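Hi,

Here's the structure I promised to pass on. Have a look at it first, and then read my notes below.

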Amino acid sequence: ALGVSTKVSLQRLCLMFGCVRLEPAVRRLLACYREGFVSQLHASQRGNADFSSPVFVAAAFYLIARKNQVKVDRAQLLDNYKVKASEFTRVVKSVSETCPQILGTPKAKPAKGKRKRKGGDDVDEGDTSGDGETGAEEYLRNEEYDRW
C-alpha cells in the first residue's frame, strides 16, 4: 500500500509540474535514500523507519528537478504536499548527503568571502584588522611591486 500511494502522488506531482521524464530518476533517488538511511540505523531501529511522509517525495522530486535544471516553484511544491519549509530543508539536506552519487553533489566549497593570501593565510575579504590594508590597497601595492 505504501508503494502505491507514493507512486500515485509522484505521478501526480510529475504531471502537475510537467516533467514526467523525471519520474524514474526520482524513484531511484527515493530507493537510494531509503537504503542509505536505513543502513545507517541501528539494527533495532531499522523496522521503525517510516518514509510515508510526502516530504520525502517532494524533496526527491525537487533535487532531481534541480539536477536536471527544471524550474520548480518551491512554494507551490510545499503547499501541495502541506510540508513545512524547515522540514523540507532538513530532508533535502539529508537526501543530498545520503545519495551524492545520484545527485552528483559537489564537494563542500570554501566559504564565501575567503581568499588565499600569498603567505598562505586565509583572510576575510572585509577584514581590515592586522595591517589596516583593504583588499584594494593590497592589490594596488602588489601591482606597484610587480611593475618595479
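What follows is a short tour of the salt bridges and one serine.

Keep in mind that this is a predicted model, where local features need pLDDT of at least 70, side-chain atom pairs count only at pLDDT 80 or more, and totals for chains, interfaces and linings use all residues. Residues are numbered from 1 along each chain as its sequence is written, and side-chain values use heavy atoms, with hydrogens and water left out.

On to the charged pairs. Side chains of opposite charge can pair when their charged atoms come close. The structure has 2 salt bridges (a side-chain nitrogen of Lys or Arg within 4 Å of a carboxyl oxygen of Asp or Glu).

One joins Glu23 to Arg27, with 2.6 Å from N to O. Both residues sit in helix α2 (residues 23-40), 4 residues apart, or about one turn of the helix. Helices here are DSSP runs (H or I, at least four residues), numbered from the N terminus. Glu23 is buried at 13% relative accessible area, while Arg27 is partly exposed at 29%. For those words, buried means under 20% relative accessible area, exposed over 50%, and partly exposed in between (1.4 Å probe, protein chains only).

Asp79 and Lys82 form a salt bridge too, their closest N and O atoms 3.9 Å apart. Here Asp79 is partly exposed at 48% and Lys82 is exposed at 68%.

Now the serine: Ser94 lies in helix α5 (residues 85-98) and is buried, at 17% relative accessibility. Leaving aside residues up to four places away in sequence, Ser94 touches Tyr33 and Phe37 (contact means heavy atoms within 4.5 Å).

Cheers

Key. Helices (H or I, at least four residues) and strands (E, at least two) are DSSP runs, numbered from the N terminus.
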